[in-house]
Amino acid sequence: MAQSIIVAINSGYLRLTGADYATVQGGSAASLVGNNISTAAGQRHYVSGDAYEIYRGGVEFNLSAIPSTAELVSATLSLVGISITKHTDFDLTIINGSDLASVLVAADYGELLDEAVSYGLLNTSSWVAESYNDIIVNSIGLAAIQTGLAAGVVRLGLRSSLDISVTSPGAAPDYQCIYAYGSDTVGKEPKLTVTYVGTIHPTDPVTRVTGLTHRYDRRRGIYELEISMGDVTSVLQRPYAGSPQRATAKAQDDVEAAPIIEKAVEKAVREVDAKE
């Protein structure tokens, strides 16, 4: 098995603030967008202004370091915590981010609204600051990353489980947010660790064996293997005594002219005929 540790090429957050929770939770566009910066997820209910605020995050990874034909075994998303402000614990949840723009835009806030299927989660009771927090990607998320190999990129979203379940924060103040370093902080960037095995059978006929033909010339004592790779065919010969050699007219003449091989072949033929 092989492993690739991939640093995010972009990360950010989408924030919407308003006086009514339902309006904020179901909003179509963020009022504040951060790119190539820290990421965040969660909800808050302020005392000041009696306002509600929801954060949704996004991270993007370039998968070109992994062969496009690799078969993924496991993946882990790792985020270095900046801080956490909470009165209520929640599950930081990885979700599908395929609809996100490479550079986050305000409308991406609404794009994440219908993404409720978990790709993996971590309860905030385990969240630590200034250290990597590992979130194991589940089978659904792993399949999404596998699909992303073809395009060479995967985008993942981050939401609070309370946002997903449309659970309003309690009476103010009620803070339920986590903050993680982003792609702009060297050494603390979001990371995706992917373990994979070999490669899936190549689809290009020129890079895979499409035919094998095995022949044995008992009289001449030659084993012959014809290997086809797409439209390319190569023939290898192995004399009864000797090492593998390229099949050429000269090689065949040399084999036929070698008395030692001829005698060995004749002996082998007699032994086979006697058994028959």
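In the predicted model, Thr-124 is in contact with Ile-84, Lys-86, Asp-89, Phe-90 and Ile-178, when neighbours within four places in sequence are left aside. One of these residues, Asp-89, is also joined to Thr-124 through a polar contact of 2.7 Å between the two side chains. Thr-124 is placed in the loop between strand 8 and strand 9 (132-136). Its relative accessibility is 3%, and Thr-124 therefore counts as buried, the cut-off being under 20%.

Beyond its neighbours within four places in sequence, Leu-113 is in contact with Gln-25, Gly-26, Arg-56 and Arg-159. Arg-159 is 46 residues away from Leu-113 along the chain, and the C-alpha atoms of the two are separated by 9.2 Å.

The largest nonpolar core contains 32 residues, of which Phe-61 and Leu-192 touch the most other members. Two or more residues of this core are supplied by each of strand 5 (52-62), strand 6 (71-86), strand 7 (91-96), helix 3 (139-151), strand 10 (153-160), strand 11 (174-180) and strand 12 (191-197). Strand 6 provides the largest share, 4 residues. With residues up to four places away in sequence not counted, Leu-192 touches Ser-4, Ile-5, Ile-6, Phe-61, Leu-63, Ala-75, Thr-76, Leu-77, Ile-145 and Val-154. Another core, of 12 residues, lies apart from the largest one; Ile-54, Leu-100, Tyr-109 and Leu-112 are among its members.

The structure holds 1 cavity of 30 Å³ or more. The volume of the largest cavity is about 60 Å³. Its lining is made up of Asn-10, Ser-11, Gly-12, Gly-58, Val-59, Glu-60, Leu-100, Ala-101, Ser-102, Leu-104 and Arg-155. Strand 2 (10-18) and strand 5 are the elements that give two or more residues to this lining. By residue class, the lining divides into 4 nonpolar, 5 polar and 2 charged residues.

Definitions and conventions
Residues numbered from 1 in each chain as written. Predicted model: local features only at pLDDT ≥ 70, side-chain atom pairs only at ≥ 80, totals over all residues. Heavy atoms only, no water. Contact = heavy atoms within 4.5 Å. Core = buried A, V, L, I, M, F, W, Y, C linked by side-chain atoms within 4.5 Å. Buried < 20%, exposed > 50% of the residue type's maximum accessible area, 1.4 Å probe, protein only. 1 Å grid on protein atoms, 1.4 Å probe; cavity = no way out; pocket = protein on both sides within 12 Å on 5 of 7 lines; lining within 4 Å. Points joined across faces, edges and corners; volume = space filled by probe spheres on them. Nonpolar A, V, L, I, M, F, W, Y, C, P; charged D, E, K, R; others polar. Polar contact = N/O pair within 3.5 Å; in protein donor to acceptor, adjacent residues only side chain to side chain.
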